[in-house]
Protein chains: 2
Amino acid sequence: MQVDGKNYTTIWIHPQNKKAVQIINQKRLPFSFEILDLHTPEDVFRAIKEMEVRGAPLIGAAGAMGLYLATLELKEREKAPVHLAKTAANLKSSRPTAINLAIAIDAMMAELLKISSLPELQETAYQLALDRVGLELDYCKRIGEQGVSLIEAISHRKKGDTVNILTHCNAGWLACIDYGTATAPIYLAHEKGIKVHVWVDETRPRNQGSKLTAWELSSHGVPNTIIADNTGGHLMQHGMVDLVIVGSDRTTRTGDVANKIGTYLKALAAADNHLPFYVALPSSSFDFTITDGMKQIPIEQRSSKELSHIEGMYNNELATIDTTPKEGTQYANYGFDVTPARLVSGLITERGICEANEQSIAKMFSDLMKT
Amino acid sequence: MQVDGKNYTTIWIHPQNKKAVQIINQKRLPFSFEILDLHTPEDVFRAIKEMEVRGAPLIGAAGAMGLYLATLELKEREKAPVHLAKTAANLKSSRPTAINLAIAIDAMMAELLKISSLPELQETAYQLALDRVGLELDYCKRIGEQGVSLIEAISHRKKGDTVNILTHCNAGWLACIDYGTATAPIYLAHEKGIKVHVWVDETRPRNQGSKLTAWELSSHGVPNTIIADNTGGHLMQHGMVDLVIVGSDRTTRTGDVANKIGTYLKALAAADNHLPFYVALPSSSFDFTITDGMKQIPIEQRSSKELSHIEGMYNNELATIDTTPKEGTQYANYGFDVTPARLVSGLITERGICEANEQSIAKMFSDLMKT
C-alpha cells in the first residue's frame, strides 16, 4: 500500500543483491520508516523474535525467506538435510502461535530435500520463497474481494452513511505482504468510494493498533480513530460500530480463532450487541489438524518489559520509559487469546466467506483438510 | 492503609492549620509520594479535574472539603447563598459521572443555608466535611466486612488455595478515604490470613490499575500481578480467576453500573465463563433517581492526550512521551462505560450484599429510595 505516495510491500529481495532480503522495520514505526537488510537465517530469526516483522502471513513469508538464506550458507549438498532442518526448527520456534510459519517452512523443506544439486536447490529455494510471498499477497487480495461485500451491504443499508468498522491489533498490510487480512476489505471499500471509518484498538501491551494500524490506514488515507482497548464495548452499546473485522494467528478446523490478546473480549461485546464479528484469514492461517482452540493452541508468554516499559518520542528522540512501580508487583503478558467459534459470525478467506464451524470449513477447504 | 509501614488516609485537615486540606497527590504515584495542601475551592476543583484526587467516594469527600474552604472565604453571612451556590455548581462540574460529588455537596448545602451566623456556618461546614470523610471511610470499612464472606467461601471451596481476584481501575483505598470499595474485602481477607492474589488491569488510558492499584496493594503487602486490559478474558477462560470485584462511579436504582471504561468487557467475560462479577459501592454511589444506565448516565469524554501521551521514568526523571503518530489519525477517549445489571452477580454495599435489580436494591435502601 502507499507510504508518502509510493507503493510498498513488507518484504522483498534486495533489488541489487539477490542474496539479501529487505523488510520494513516495524519496530520503528510510526516514529521512523526504516528498511532493514537481512543476510542470514539468524537475521530472520531475530526479525521475527524482535517483531521487526510480525503478523502471521508476513511471518510465514519471512520464514520462507529465512530458509532460502540458509541454502546460501551451504558449501556442499550433503550438508543440506542437517543444516536446513536445524534452521527450520529454529525459525519455527521464533513465534509458536502463528501457524503460517510452520506451514511455509515445512512445505518448502519437503520440496528442497528432493533436489540433488546444490545450485538447483538454492535456485529452487529462491523461487519457493518468492512463491510464498506471492501466495500470501494473492490470498490477501482475494480476501479483500470476498469481504468487501459485507461492507457494501452495510453501506447500502445505511444509505451511503459511513460504515464504522472496529479492528484489533494489526492485521493490516504490515502484517502481510500487501492489503492485509482484516484491512483488505476496508482498503478495497475505500478504493471503491464507500465511506468507511475504522476504530483502531490501541492493542496493549505492544500497541500494534495505535502504532501500526493507525499509521498504515492514515498513510493510505483511510479515516481512523485510535481508542483504548477498553472502549469497544461502549461504542458497540451506543451504535457506533457496524462491523468488527480482526485477523487470526491460527484458526482450528472447528473455527476457534487464536488472535492477539483481547480479541475474545471484543467478540463477546459484538455478540452481546448483535453485531457482526468477522475474522479475515488466508487458508495458510488454518490449522486443520486441531479441533479445540482453547486446549490445543499454545499461547506465547512474552517479556514483562512490554507491559512495564513503553517507547515514544521525548524531546524529538525515541525514548523508552518505565511506567509502573516494580517493588512487590508482578507482570503477566500473554500474547494471544482464543475466541470460541460460537462468537464468530464468519471467516473471510481467499476462497469466500464461510461459517466458523467444521462443516462449513470442510466444505470450503476439503482439499486441504485431512480427516 | 500502609505506605512504608505508616498508616495514611487520602484526605485530611492539615494538623497545624485548620484552614487547609491535605491530600496525597495521586498524579505523582507511583513515582513519588507527595502531599499537597489545598487552600481554596479552586484548589479542590483543580485537584479533582486534574485527578490529583480521584475515585467516587474520595471525590465526594473532596467536594465537601471544597465547600468548607468556600465558607472560609466569606466575610459576611449575606454573601453565603450566592457564593456557596456558585462554588457548589463549579465543584459538581469537575467530574460529571461520579454521583457522590453531587450528593455530598447538595446535602451539605441544604444544611449550611439554614444557619444564620457566619462563624457557626463555618464551624458547621467544617464538621459536615469531616462527617462526610468519616461517613465514606465507615462505608468502605463495612463494605469490606460484608464482602469478605465471598472470598472466604471461595477459599474454603479451594481448600485454602489462593483466591484469584480480578479488578479494574482503582477502586482501592486511594479512590476512597481508606480500605477502598473493591479492595476493602481483599484487604480484610489478607488481614484474616486468607491467601489472595489480585490480577490488576492496567486500565488504559490513565493506567490507574498499574499506577495506583498495584502500588497500593504492594505497599500494603498484598500479592498482585499487572496485566494488560486485554488479558482478563483469557485468564477467565483458563480458570485463573475466581472472582471479579470492581467499583462504581454511579449505579442506578435498577442496578446498571457506570464504572471505568472497559468494566463492561470484563463483566461479559465473567458471565461467559460463569464467574462471579461483583460491584462494591457505598450507598453514596447510587443514583436512586434513574432507571436506565445506558441512557441516563452522562459519559465524560476526556483529552486525547491521555491516549497519545504517557508518563514514566526516563533517566531517573519523570518524562511524558508521545507514543502514537498524529498525522491523519484521530483519538476518542470515553472515560466510563455502563455494565447492564443483568451481568452483575451482586452489589456489595455497607449494608450487605444485594442483587443488581430494583426490587433487591429497594429492599436494602428503602429509606434512601424515593419512588
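This is a predicted model: local features need pLDDT of at least 70, side-chain atom pairs count only at pLDDT 80 or more; totals for chains, interfaces and linings use all residues.
The relation between the two copies comes first. Two copies of a chain are related by a rotation about an axis and a shift along it. The same surface serves both copies, for 100% of the contact residues of chain A recur in chain B.

The extent of the contact can be given in residues and in area. Chain A contributes 63 residues and chain B contributes 63 residues. The size of an interface is often given as the accessible area lost when the parts come together. For chain A and chain B, the buried area is about 5,100 Å², and 59% of it lies on carbon and sulfur atoms. Three residues of chain A, namely Asn230(A), Gln237(A) and Leu265(A), supply 14% of the area that chain A buries against chain B, which is more than any other three residues supply.

Polar interactions also cross this contact. Between chain A and chain B there are 26 residue pairs in polar contact, counting pairs in which both residues have pLDDT 80 or more. On the side of chain A that touches chain B, at least two residues come from each of several elements, including the helices α7 (208–220), α8 (232–237) and α9 (263–272) and the strands β8 (224–227), β14 (309–314) and β15 (317–322). The largest share of that side, 6 residues, comes from α9(A). By class, the side of chain A that touches chain B consists of 31 nonpolar, 21 polar and 11 charged residues.

Salt bridges and strand pairing join the chains as well. There are 4 salt bridges between chain A and chain B. In one salt bridge, the side chain of Arg204(A) meets that of Glu202(B), with an N to O distance of 2.5 Å. Strand β8(A) pairs in the parallel sense with strand β16 of chain B (residues 329–331), over 3 bridges. Within this pairing, Asn224(A) stands opposite Thr329(B) of β16(B).

A cis peptide bond joins Arg204(A) to Pro205(A), with omega about 5°. Pro205(A) lies in the loop between β7 (196–201) and α7 of chain A. Thr203(A) is found in the loop between β7 and α7 of chain A, and Thr203(A) has a positive phi of about 70° although it is not a glycine. A cis peptide bond also joins Leu29(A) and Pro30(A), with omega about 0°. Pro30(A) is placed in the loop between β4 (21–24) and β5 (35–38) of chain A.

Over all chains, the count comes to 44 salt bridges. One example within chain A is formed by the side chains of Arg95(A) and Glu300(A), at 3.3 Å from N to O. Arg95(A) lies in the loop between α3 (80–92) and α4 (99–112), and Glu300(A) in the loop between α10 (293–296) and α11 (305–308), so this pair ties together parts of chain A that are 205 residues apart in sequence.

Strand β10 (residues 250–252) and strand β11 (residues 257–260) of chain B pair in the antiparallel sense over 2 bridges, and Arg250(B) stands opposite Ala258(B) of β11(B). The hairpin of β10(B) and β11(B) has 4 residues between the strands, and in this hairpin Gly255(B) takes a positive phi near 95°. Strand β11(B) also pairs in the antiparallel sense with strand β17 of chain B (residues 336–339), over 4 bridges. In β17(B), Thr339(B) is the bridge partner of Val257(B).

Methods. Residues are numbered from 1 along each chain as its sequence is written. Chains are lettered from A and ligands numbered from 1 in the order in which they are written. Side-chain values use heavy atoms; hydrogens and water are left out. Contact means heavy atoms within 4.5 Å. Buried area is the accessible area (1.4 Å probe) that two parts lose on being put together, summed over both. A polar contact is a pair of N or O atoms within 3.5 Å; within protein, one must be able to donate a hydrogen and the other to accept it, and residues adjacent in sequence count only if both atoms are side-chain atoms. Ala, Val, Leu, Ile, Met, Phe, Trp, Tyr, Cys and Pro count as nonpolar, Asp, Glu, Lys and Arg as charged, and the others, Gly among them, as polar. Two strands pair if DSSP finds at least two bridges between them.
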